[in-house]
Amino acid sequence: MADDNSQRGGESCTETMEQGQPCSDEPEHNESMKEVTELINEDLNSADIKKSSEDIRPCRNEEETKCSTEEETAGECSQENSETTCPENMISFRVVWNKKNYDVTFNANDTVENLKKHIETLTGLPVSTQKLMFKGLVKDDTKTLSDLKVTNHSKMMVIGSTVKDIMAVNIPPSAKALKEETTATASTKEPWSKQKMHKKILDKGKPDDAMPGDKTKKEPLPRQPISGMLNKAAGKVRLTFKLELDQLWIGTKERTEKVSMGSIKNVLSEPIEDNDDYHVLAIQLGPTEASRYWVYWVPAQYVDAIKDTILGKWQPF
């Protein structure tokens, strides 16, 4: 009889243990085991919480964790929902505008358009006025930084004018300027080199230090200033393109005028008759033709590059 009771007790205990409960014939022993079980469960729950809190943390290396797109931008990462690691996606490079350097960290898979929006927050330059220079003009805003091969420590130039700068050149012309523009318009049918105001400069002849001209070629801007030319007063003039500043420097013996390229309204040219390896160039600095700055004996091979650079159609260098 005792053996039967013992057997039934053993079977009952086995069933209890299979259900995850402590089992003992002695009440005190059962209470002790129950307390141990509760402590173990509590410890496991605490470990789960700790593990969960450690799942999301800043990226440190490629092996440690991976980032989602939004978390990469914020500099934080999660081990879930990502296929690429932080160091592979995030690149740090320098943006230069108006003599100022901006250190930028951006996702290599993000677009030029989004980079321009970020630059606007840094500089105040509207996206619509920005021109990015990286191995030439960046023409496609849908390309990614990876497509452009921007890497860590790269340098990117930003060209553009703020709204304030643009408004400054939209001043209504004076009565005198309007009169001069009307006179110039009346004589537009005649070639520039035949017009009296230009002919008196051209008749002085080509300057001895003029750079060689070649109408059969189209070349990018030279690395040195374009010199050996004359202005409307028959004084020597040189053109220096400061791309990192978005400025054209018009230099004479007396002074150097630093002009924002974003403020220049137009650039026109005509070949010099009987000497078409050189051009007469008109740089329109204001809203009317009366504001044109005239340059004579410009080498023909650089004329297109000058126009494209000032007006935003960059040439690769």
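**Exercise 1. State how far the charged end of K258 lies from the centre of the ring of W249.**

Step 1. A charge sits over a ring if NZ of Lys or CZ of Arg is within 6 Å of the ring centre and within 35 degrees of the ring normal.
Step 2. The charged end of K258 sits over the ring of W249, at 4.3 Å from its centre.
Step 3. The charged end of K242 also sits over the ring of W249, 4.7 Å from the centre.

This is a predicted model, in which local features need pLDDT of at least 70 and side-chain atom pairs count only at pLDDT 80 or more, while totals for chains, interfaces and linings use all residues. Residues are numbered from 1 along each chain as its sequence is written, and side-chain values use heavy atoms, with hydrogens and water left out.

**Exercise 2. Classify the aromatic pair of W192 and W294, and say where its two residues lie.**

Step 1. A pair of aromatic rings is described by the distance of the centres and the angle of the planes.
Step 2. Rings of Phe, Tyr and Trp (its six-membered ring) pair if their centres lie within 6.5 Å; planes under 30 degrees apart count as stacked, over 60 as edge-to-face and the rest as tilted.
Step 3. For W192 and W294 the values are 4.8 Å centre to centre and 90° between the planes, an edge-to-face pair.
Step 4. W192 lies in the loop between α7 and α8 and W294 in strand β13 (residues 292–299), so the pair ties together parts 102 residues apart in sequence. Helices (H or I, at least four residues) and strands (E, at least two) are DSSP runs, numbered from the N terminus.
Step 5. W192 has 9% relative accessibility and counts as buried (buried means under 20% relative accessible area, exposed over 50%, partly exposed in between; 1.4 Å probe, protein chains only). W294, at 9%, is buried as well.

**Exercise 3. Describe the salt bridge between E273 and K194.**

Step 1. A salt bridge is a side-chain nitrogen of Lys or Arg within 4 Å of a carboxyl oxygen of Asp or Glu.
Step 2. In the bridge between E273 and K194, the closest N and O atoms are 3.5 Å apart.
Step 3. The pair links distant parts of the chain, 79 residues apart: E273 is in the loop between β11 (266–272) and β12 (275–284), and K194 in the loop between α7 (175–186) and α8 (196–202).
Step 4. E273 is partly exposed, with a relative accessible area of 37%; K194 is partly exposed at 38%.
Step 5. The structure holds 9 salt bridges.
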